[in-house]
Amino acid sequence: MSSTTNPPTHHTSTIGAIGAPSRRNTELALLVFAVVIPVFAYANVGLAINDEVPAGLLSYGIGLGLLAGIGHLAVRKFAPYADPLLLPLATLLNGLGLVAIWRLDQSKLLQQIGQAGGKATNQLIYTAMGIALFIAVLVFLKDHRTLQRYTYISMAGALFLLLLPLVPGLGADITYGAKIWIQVGSFTIQPGEFAKIVLAVFFAGYLMVKRDALALASRRFMGLYLPRGRDLGPIIVVWMISILILVFETDLGTSLLFFGMFVIMLYVATERTSWIVFGLLMSAAGAVGVASFEPHVKTRVQAWLDPMREYTLSREGVQDGIVHSEQAMQALWAFGSGGTLGTGWGQGHSELIRFAANSDFILATFGEELGLAGIMAILLIYGLIVERGVRTALAARDPFGKLLAVGLSGAFALQVFVVAGGVMGLIPLTGMTMPFLAYGGSSVIANWALIGVLIRISDTARRPAPAPAPSPDAEMTQVVRPS
Amino acid sequence: MNKPLRRIAIFCGLLVLSLLIRDNWLQYVKADTLREDPHNRRVLIARYATPRGDIIVGGNPITGHTETTSGDFKFKRTYKDGAMWAPVTGFVSQAYGANQLESVQDGILSGTDDRLFFRNTLDMITGKEKEGGNVVTTLNAAAQKAAYEGLKNQGGKGAVAAIEPSTGKILALASFPSYDPSTIAGGSTSDEEAWKKLQKKNNPDDPMLNRALREVYPPGSTFKVVTAAAALENGLYKTADEKTDSPLPWTMPGTVTPLKNEGDIPCKNATLRVSLQWSCNSVFGKIGYDLGNDEMLEQAKKFGFTTEQFTPVRTTASVFSEDMAPSEVALSSIGQFNTATTPLQMAMVTSAIANNGTLMKPYMVDELQTHNFDALEKTEPEELSKPMSAENAQILQSMMETVVQDGTGKKAQIEGVKVGGKTGTAQHGVDNSENPYAWFISYAKLSDDSSPVAVAVVVEDENAVRDDISGGGLAAPIAKSVMEAVIDSKK
C-alpha cells in the first residue's frame, strides 16, 4: 500500500492506542477532591460532636494529602499510563473511612468496651503502610507478567495464609464465630485479605496454561458443554478448600469470595457458561450443606432471616451454646434511622452496634450519618473501582494480565457485595471488612497492594505499544512501486 | 477473552445494583418503620436528649431534671417531694418507661407533641435548645401535703382524693405507702435495685400502686349516701325527716339472716336523717331492696360507677353489680357484697352532692404550656352527669351535716364552716377476718354557700385494734385537715 494513495490513519478503535494521553493531571485534580472531601468531613465531625474544628485537622489534612501526593508521584514516575481513577477513588474511600473511625473513636460507649479510642491514628499508620506497599508494587513490579513465574509458589503461599488461623495458638477467635484472624504479639492479622491477591496470581497463572484444555475438551449435554472428569479436578479442589474454610473458619464470606473469584476467572479463561452454572450449583450446595449442620453458620443464617429474634435472644441472654448477637438488628436500625439524607456526621448512634462498629459494620455508620444518598455514593465509588478494574482487564494485552485484573476486580466486587449485603441484611453476615473504609491493618494494606497491581496492569495496557521492529520482508514488499 | 469480560463487568454492575436496591429498600421504604421501632434505642435517646418539661402545682414545679454524665441518655427526671406527689405525677424512668401523668402527657413534656411543632421550629430557627412543655395541674399543694402527712402519721395503707365540687378540679390525690420516683428515674444499677424493691412481689405494701385512682375498696357505710340519693330521686321517701318503713330486726328476703346494725342504735322506722346519723344498715339495706337492683345500679352509674374516668390518668372503674339476688342488693346498698369503689369515686359522689346534684368531670390537668409558659390548651370544667335534683341534693346535704354535727363524724367539724360527711367501716376478708377499712367522705361549705372541697379518705390499719377502726376515728381527722388546707388557701 502506498502512503500517497492511502494517507496514514491511526486505528484508534483498539484500546490503548498509540499516543494515548497519560491522564496524570486528571488523576492529580481528582486527588485534590479525594483529600479535600474527607478533610471537610473531619471538620464536620468535630463541629458536630465537640462544637469545634478538631485540633488535628491540619495534621490530618497534611497527612492524607502527603500520602496521596507521594502515591501520585510514584504513579507518575513508575506507571505513567496507569488508569487515572483508581488512586483517587481509593484515596477518597480511605480518607472517609479514617473520618468515620475517628468519629467512632469519640463514642464513650465504644471507648468503654475497648472498641474505640486512638483507632484513627492506628488506621492512618496502616494507611501509610498500605501506600508504602502500593509504591513498592509499582517500583519492584516492573511488569506484571513477572508474577506468572510464581504461579505454584503462589498456590502454596495462598494455602499457607488461609490455613494460618487454624494453627493452634496462632488463631484468634476475636469475633463471634469466624476464625479468620491470627494473633502476632499485640497485632491481629487477617491473612485472608492477603491470600485474596496471592490466590488471584495462582489462578491467573494456572488458568492461562490450562484454559485450552478446559475450554475445548468437553462434551455437549443439554445445551451445556460439560467438562471432562479430569478437568473437573481443579475446580473440585478449590471448591473443597472453600468448603473447608467454611467449616473450619466458619466464615461464609471468605469462602464465597475465593470460590466466586475462581469461577469468574475460570469463566473468563474458558468462555464456557457451563462453568458458571457448575460454580453456582456447587456453591449453593456447599453453603446449604454447611449451614445446615455448622452451628455458627446456622446462627448467621437465622440472624439474617429474623434479626429481631436474634436481638431478643441476645437481650435476654439466652445461653444455648451459641453467641447470639444483636448487631444485625442494630445495623438495620442504624440504616433506617439515617433515612434519605442521614443525621449528619457525628450525630448518629451507630455505636449501639458495639462490637466491630468501626470495622465490619462501618457501613452502618455511613448509612446513619450520610443516609441513603451517602451510601449510594459510596457504593457507586466501589462500583467505579470494580469497573475500572474490569476495563483494565479488557485493555490488557496479555491473557495473564486480563485474568489477574478481572480476578482481583471480581474479588473486590464480591467482597463489597458480601460485606455490604451482609450489613444491610441482603445476605447473611460474614466476618469481612469493607475495603478501605473499615478499621483494620490487613484490609487496608492488602487492598492498597491490590490497587497497586491493578495500576501496574493498567499502565502496561495503556502504555503506547513499542514501534514495530522494521521487518526486512516489509521493506522488500514496499520496494515494488510504480515508476 | 473479551466477551466473558464484558459479561463479568455486567455481573459486577448487577452486584452493585442489587446493593443499591437493597439500600433504597432499607433507607427509604423501611426507614420510618425502623426509625420508630420501639426497640430502637434511638427512640429513647431522642426522648431523653432534651430537658423534659415540668409538672406544675400552684405555680411551682414539682419536677425537675438533671444532666447525667454516664450513658447515652442526657437528661434525667427529678422530683421534689416525690413520694407525696407520686400518685399525681407517676414516674418517668430511663430504664422502665413512664406511667400515669408522665406517660399520658408525654408528648407535651418531652416536646414531641404536634402542638409544640411551631414553637420547636421557632426554637430551631433561633438556635435555642429544644425543650419540653409544661403541664399545669389543678392540685392544691397545701391540701396534698395535709392528705399525705395525715396518711403518713396514721401509718397504715390508705388514700385520699379531694375535688373542687363546682369544677371537678382534683385538689389532692395521695396514696400511702408511696415511693420516690426520683429513685428509679435513671438507668443505673441503683435505679434497677430500687425498681426491684418497689415491685409488688418483693414488697407486699405495693408502694407503686396509686390507691387513690387504681385501687377499689368496699365503701362500707359511705355508700349509704348513694342509697339515700336513690331513695330521694326515686320518690321512695321525699324528705329527710319522714318515717321510713324499716322494721327491726329486718330479715333479708330469701334468707334467714337479719341485717345487723353496729350496736344498739335507734333504727326502727327511723327517718333518713337519723338513719344516716347512726348509720343504720337495716334501713338502707331495705331501701336498696325496695328500689331493686336496676334503680340502685342506675343511681350508682349516674355518680360515675362502672366507668373508668380519665383525669386524664385513667382510674379503675368502681363496681356495683347487676343481676343480684334481693339480699345481695340489700348488702350492696350498704357498701358491702360486690360493691367496691376508688377513693376518687367516693370523692365524686360527695362533690356531686355538695354541688347541688351536678357531677363535674374530675380532672387534674388545668393547662398545657410551652416551655416558656405560653398556654397551648386549657381544660374547661365539664358536666359529667346530674345524679340528683338540686332539692334532693340539699336534703342530702342537711342529712350529712347532721352526721358531722351530732352523729359519727364529729371529728370532722371545723370552726365556722359547715361540714357534711359520712363515716364508713368496710369489712373485708373471708368472714370479715381482715382489718376493716376506715372511710370518711365529706365536703365543706363556706358562708356564701359555695363548696370549695369534697374529700374521700380511706385508711387500712393493720396494727389498729379492730374495734378502734371506724371512719370517724381514723379517717375523719385527715379529711378535716385536707378541707382546712383548702379553705385556708382560699383566704
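Among contacts in chain A between residues at least 6 apart in sequence, what share join residues at least 24 apart? The share is 72%, where a contact means two C-beta atoms, placed from the backbone, within 7 Å. Welcome to a predicted model, in which local features need pLDDT of at least 70, side-chain atom pairs count only at pLDDT 80 or more, and totals for chains, interfaces and linings use all residues. Residues are numbered from 1 along each chain as its sequence is written, while chains are lettered from A and ligands numbered from 1 in the order in which they are written.

**Confidence**
- The model scores ipTM 0.89 and pTM 0.74.
- Chain A has a mean pLDDT of 84, with 86% of its residues at 70 or more; pLDDT is the predictor's confidence in each residue, from 0 to 100.
- For chain B the mean pLDDT is 88, and 96% of its residues reach 70 or more.
- Among the elements of chain A, helix α14 has the highest mean pLDDT (96) and helix α17 (residues 472-479) the lowest (55).
- Residues 1-17 of chain A have pLDDT below 50, and this stretch has 11 contacts in the model beyond near neighbours in sequence.
- Where pLDDT is low, the predicted coordinates should not be read in detail.

**Chain A overall**
- Chain A holds 17 helices and five strands; these are DSSP runs numbered from the N terminus, with helices being H or I of at least four residues and strands E of at least two.

**Helices α3 and α16 of chain A**
- Helix α3 (residues 86-105) and helix α16 (residues 441-462) of chain A pack at about 170°, with their axes 10 Å apart; axes are lines fitted to C-alpha atoms over the stretch in contact, and angles run from 0 to 180 degrees between N-to-C directions.
- On the α3(A) side the contact is made by A:Leu86, A:Leu87, A:Ala90 and A:Asn94, and on the α16(A) side by A:Val444, A:Ile451, A:Leu454 and A:Ile455.
- Those residues divide into seven nonpolar, one polar and no charged; Ala, Val, Leu, Ile, Met, Phe, Trp, Tyr, Cys and Pro count as nonpolar, Asp, Glu, Lys and Arg as charged, and the others, Gly among them, as polar.

**Helices α6 and α7 of chain A**
- The axes of helix α6 (residues 151-163) and helix α7 (residues 191-216) of chain A come within 8 Å and cross at roughly 155°, so α6(A) is roughly antiparallel to α7(A).
- Residues that meet here include A:Gly157 and A:Leu161 in α6(A), and A:Val198 and A:Phe202 in α7(A).
- By class, this contact has 12 nonpolar, five polar and no charged residues.

**A:Leu363**
- A:Leu363 sits in helix α14 (residues 362-395) of chain A and is buried, because 29 other C-beta atoms lie within 10 Å.
- Leaving aside neighbours within four places in sequence, A:Leu363 is in contact with A:Ala420, A:Val423, A:Met434 and A:Leu437.
- Its C-alpha atom is 8.9 Å from that of A:Val419, 56 residues apart along the chain.

**Where the chains meet**
- The contact takes 40 residues from chain A and 32 residues from chain B.
- On the chain B side, α1 (2-29), α2 (31-36) and α3 (41-47) each give two or more residues, and α1(B) gives the largest share, 19 residues.
- That side of chain B has 15 nonpolar, eight polar and nine charged residues.

Terms used: A residue is buried if 20 or more other C-beta atoms lie within 10 Å of its own, exposed if 12 or fewer, and partly exposed in between; C-beta atoms are placed from the backbone. Angles under 35 degrees count as roughly parallel, over 145 as roughly antiparallel, 65 to 115 as roughly perpendicular and the rest as oblique.
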